[in-house]
Amino acid sequence: MAAFSLQLERKVESGLVACGKFDGSHACIVVATSGGNILVHSPHRRPLPDPDDDPKTGRLAWTGELAELRIGKQVSDGAYTITVGKLGWLTDRSVVVIGGNCSVTVLDASGTEVFWTVTGDVVVSLMIFDFDGDGANELILGSVDFEIRALKGDSVAWDVKETAPVTALVALSGCQFGYAVGNGTVGVYEMRQRLWRVKSKHRVVAIRGYDVNGDGTEELVTGWSSGKVDARVPATGEVVFRVQLSAAVVGIARADYRRTGRPDLVVVSATGEVRGFGPGAASSEASEPGDKMRELLAKKQALIAEMRHRAANPGSFASRLAVEVSCGDGAVRMALAAGPGLLVHCAIVFAEGVFDGETLVDRPSRPCGQIEIELRPPKDTPVDVHVKVCVGPMGADLLQVFELTRQLPRFCMYERIEKPIDVEDALLDESGVTIEVAERPQRVAIWLGQNLILPEETEVEVAEVGPTAGTLNVCLRGLRDGKLHRLEATSGGKIRLRTKDSNFAGEIVQSLASYLGLGELGAEANFPEDEKLMTEALERLTGLRETEIRLRAGEARGAAMLRNLLVRTEDARILGDAKNAKTRLAQLRAVNGDLIRDHEIGANSYRDLVRTLKELNAAVQRIARLRVGKAAANAIAKCRSAIRDGDTRALVAVARQG
């Protein structure tokens, strides 16, 4: 049962809900309405009486006297999300963290920038949280490129790929934190391990941590676009609380709204309905004893039916399912074969990010002994594939279900060319990256074998005889685009990857460094196509900045002229000078038209500026991923300095040498 409920009688915008204490002691709900207004609701008292206040509902008009500007800062990369907290690698004072266009900016209390780094895409969620339990807070961020990262200073302490843009993050008890992504998935991580996740056809609007069942541990509370609110145990994902609102949830907040000394869970719907729940609210939502009895009876009937089927077909349950995974013809292929005398009737495959909807159902028109499923992971990351296969004889009314799980390696979408000597060097130019590690080629061969799909009883081996003795030479072909890549490793620890794809090179460097446990790694890179694109983007950025300055100056002059004409037009009206008034009105119309055109030009220029900044920041990210540790951080700092100065030569030099 809800501890309290009320109706704001306004339509509320999604995501624009918060709670705050405007007078320092009384909690208020703050929402943005669909009419473009800000509504503040206080159930206790009205700190600023106003004729528009409604004493019956407690709604207040918000005046500027409640706000004070402390920091004024223009962020060149934009601001998509903001959070405040203390970062372990900076001072012990709170800082402001701003997620921008492929970047993260950190400001101190005076507005001075104290940290900046690039990310793979636009940052849409932030959280300051001690995710590894070392006593120092890390910065956890979620971005549009499906990635969750934990930043510890200049280095990436941990990162993981999800299946859609990471829209929300929330800290829970201990080292656990919850997350939500744009495709309706919500889940929980503990340190570097994902505990569980669930997916819905509805969109996740908001997530919060709150102790709903009163056990002293915060549950993950989720508000959905369907109006449902549920709370799940962080360790298992079990639902312990559920309530349905009449309209979509637009926000969830925590506030001591009843002044009991403990925060309430406040849920707001799109129609302005507000419900508050206190600790232990889940106890009132417990299921009836009859529900449990019906569930047990259903399980009993299913077990009885299975026992009858096993008794009627004793031989079919001794069968096995053969599984073979290979790559070729542009995809990873998983072959599923039934045992003797049995046929495959249906296969259900779940693989996040691989299929539309993440699930594929393959049902042959006629049951057959073997089916083959094509998998095309879009990114170079390990993929867990869960398969359910229904097997049985022809015409069977009950089928045996096999469940299996396979993990596709990180570089499963690259097939090995058995004889790399047959690949002409003309097909592989000098583009690529070179690194040096204190490891034998045999260790690199083991790493490569673990990250590729190889035929059975086949290994990546180092040449032992001949002119190439003691070296590793492996040629790969990308299944997505057919491009060739060659990896060469010498006994001296020099590793060279010849490729035109800087993204693939970065993934190789990061994977190899993680496998070898390298905290620092420099690189020499040569990607002429990327360098050309970066140079063009930087030159375009310089021109766009100059255009922006000219447009601002023109807008200022136009605004001054507009004010002057307004005064003169009003004077003519007061003096009854109709002829002069008509002249001034015509001039006003012309100046206003010029301002509108300048605004349209400025808007288009700003969109180009944002797009160009995103291209440059993404290029800086690719440059950084070719290095590890301080080498990556130094490359980011030098690239930003070169971009700020408009120095294309310096930017190219950093891309090559770091």
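Modeller: Happy to! This is a predicted model, and by the ring-pairing rule it has 13 aromatic pairs.

Colleague: Why is the pair of phenylalanine 241 and phenylalanine 277 called edge-to-face?

Modeller: Their ring centres are 5.3 Å apart, and rings pair if the centres lie within 6.5 Å. Their planes stand at 75 degrees, and over 60 counts as edge-to-face, so that is the name the pair gets. The two partners are 36 residues apart, with phenylalanine 241 in strand E21 and phenylalanine 277 in strand E24.

Colleague: How do you know whether phenylalanine 241 is buried or exposed, and what about phenylalanine 277?

Modeller: Buried means under 20% relative accessible area. Phenylalanine 241 has 2% and phenylalanine 277 has 3%, so phenylalanine 241 counts as buried, and so does phenylalanine 277.

Colleague: What makes phenylalanine 411 and phenylalanine 504 an edge-to-face pair?

Modeller: The centres are 5.8 Å apart and the planes are at 85 degrees; with the limits at 6.5 Å and 60 degrees, the pair is edge-to-face. Phenylalanine 411 sits in the loop between E31 and strand E32, while phenylalanine 504 belongs to helix H3, so the pair ties together parts 93 residues apart in sequence. Both of these phenylalanines are buried.

Colleague: Which residues do ring pairs link into a cluster?

Modeller: That cluster is made of Phe129, Phe131, Trp158, Phe177, Tyr179 and Tyr189.

Colleague: How do you know that lysine 228 lies over the face of tryptophan 224?

Modeller: One part of the test is distance: NZ of Lys has to be within 6 Å of the ring centre, and here the value is 5.4 Å. The direction must also be within 35 degrees of the ring normal, and lysine 228 is listed as lying over the face. Lysine 379 lies over the face of phenylalanine 146, at 5.2 Å from the ring centre.

Colleague: Why is glutamate 531 called buried?

Modeller: Its relative accessibility is 7%, and the cut-off is under 20%, so glutamate 531 counts as buried. You will find glutamate 531 in helix H4.

Colleague: What makes the link between the side chains of glutamate 531 and arginine 656 a polar contact?

Modeller: The two side chains are joined at 3.0 Å, and a polar contact needs N or O atoms within 3.5 Å, one able to donate a hydrogen and the other to accept it. Leaving aside neighbours within four places in sequence, glutamate 531 is in contact with Asn526, Val652 and Arg656.

How values were computed:
Residues are numbered from 1 along each chain as its sequence is written. This is a predicted model: local features need pLDDT of at least 70, side-chain atom pairs count only at pLDDT 80 or more; totals for chains, interfaces and linings use all residues. Side-chain values use heavy atoms; hydrogens and water are left out. Helices (H or I, at least four residues) and strands (E, at least two) are DSSP runs, numbered from the N terminus. Buried means under 20% relative accessible area, exposed over 50%, partly exposed in between (1.4 Å probe, protein chains only). Contact means heavy atoms within 4.5 Å. Rings of Phe, Tyr and Trp (its six-membered ring) pair if their centres lie within 6.5 Å; planes under 30 degrees apart count as stacked, over 60 as edge-to-face and the rest as tilted.
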